[in-house]
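Please view the sequence and the model together while working through the points below.

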Amino acid sequence: MSWHISTIAFVSALPVFGVGLAEDLGYLASPRKRLLAAAVSGAVFISLMGQWVPHTGIPGLDIALQWSPFAMMFSLFLAVGISHAFNLIDGLNGLAGSTALAAALALAAIAHQAGLAEHHDLLLMLAATILGFLVFNFPFGKIFLGDAGAYVVGHLLVWISVSILWNASNVTPLAMLLIFFWPVADTLLAISRRLSLGKPIAQPDRLHFHQLVMRGVEIILLGRRKRRIANPLASLLTMPFIFAPMVAGVLLSDDHSNAAIACVAFAVIFTTTYKTGIWIAPKLRRSACPKPADTSNTEQRLKDHRALMPLRDPIK
């Protein structure tokens, strides 16, 4: 195996790894600094590999991508967002790790279909590394990715996928969107949710999809005192939503039209499931803690408000 792409990929990850590690060690690297570091890492990859997103399948945008400076900036924007998204989904034991493992294997399958042996081998090596981490992270969280691990894994996966697109013109970019569907959808949902509530988009909350699932597991099945079990169980319940788009991405890697239909279908499923969960969560909590017969209307309204409070506390 040639070490060209693997060496460049890992060297390019050093800036974002360093800033993420500083945050993990308590030096409080702000989200802005972490995003900037991810951009620097992406710029290193572009400068060393000379590769960026070559096309999207969107006619007007593809015309703009013919201008290299715009294509580079567009690629950096996408890559920084996806790298950050892997950090956002790192909220349950095994969730970010299993997402990264599945993404690496799915991309390896696409690389194999496209005849890209170096990419395939690098992705399998990355998958083996993530699997070794998962042995200790799932189910009981003996070790964690942290910001350094989440950003690095996101960085490596997204830029290897960009390199696959650069070298395999028959692979549709929408297949890559399906591979990264879960972190992208969760991030876009978080942004829209915070904007609708009038909050800064960088302000953390406990309204991510996986946190909603864990809250449901606690309310319906286990209770709060068994969070050690509820945490990995919520990861298991969330995984089918994560893996299904990836399977579609592999199967439809050279079928742009059907990949587009799959993207829309999974977006509808994701949004509908989330909104249903948000609507039903307070009702489940009230049914689990019914009010006394003599509770006044004012007291009941206060309880209704508190029913949602565990979902709205900041996570960091």
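In this predicted model, helices α6 and α12 cross in a right-handed manner. Helix α6 spans residues 95-113 and helix α12 spans residues 227-251; their axes lie 10 Å apart and form an angle of about 15°. Angles under 35 degrees count as roughly parallel, and the two helices α6 and α12 are therefore roughly parallel to each other.

**The contact of α6 with α12**

- From α6, the contact is made by Leu95, Ser98, Thr99, Ala102, Ala103, Ala106, Ala109, Ile110 and Gln113.
- From α12, the contributing residues are Ser235, Thr238, Met239, Ile242, Phe243, Met246, Gly249 and Val250.
- By class, the residues of this contact comprise 11 nonpolar and six polar, with no charged residue.

**The contact of α3 with α8**

- Helix α3 (residues 31-49) and helix α8 (residues 146-167) have axes that come within 11 Å and cross at roughly 35°.
- The crossing of α3 past α8 is right-handed.
- On the α3 side, the residues involved are Arg34, Ser41, Gly42, Phe45, Ile46 and Met49.
- These residues meet Asp147, Tyr151, His155, Trp159 and Ser163 on the α8 side.
- The residues of the contact between α3 and α8 fall into five nonpolar, four polar and two charged.

**The buried side of α1**

- Which residues of helix α1 (residues 4-12) are buried? They are Ile5, Ser6, Ile8, Ala9 and Ser12.
- These residues lie on the same side of α1, because they cover an arc of only 170° around the axis.
- The elements that cover the buried residues of α1 include α2 (14-24), α3, α7 and α8.

**A cis peptide bond**

- The peptide bond that runs from Phe138 to Pro139 is cis, and its omega is near 10°.
- Pro139 is located in the loop between α7 (117-137) and α8.

**The protein as a whole**

- The protein contains 14 helices and zero strands.
- Of the 316 residues in the protein, 48% are buried.
- Where contacts in the protein join residues at least 6 apart in sequence, 71% of them link residues at least 24 apart.

Note on methods: Residues numbered from 1 in each chain as written. Predicted model: local features only at pLDDT ≥ 70, side-chain atom pairs only at ≥ 80, totals over all residues. Heavy atoms only, no water. Axes fitted to C-alpha atoms, helices over the stretch in contact; angles between N-to-C directions. Helix = DSSP H or I, 4+ residues; strand = E, 2+ residues; numbered from the N terminus. Left-handed = near helix turned anticlockwise from the far one by under 90°. Contact = heavy atoms within 4.5 Å. Nonpolar A, V, L, I, M, F, W, Y, C, P; charged D, E, K, R; others polar. Buried < 20%, exposed > 50% of the residue type's maximum accessible area, 1.4 Å probe, protein only. Arc of directions from axis to C-beta. Parallel < 35°, antiparallel > 145°, perpendicular 65-115°, else oblique.
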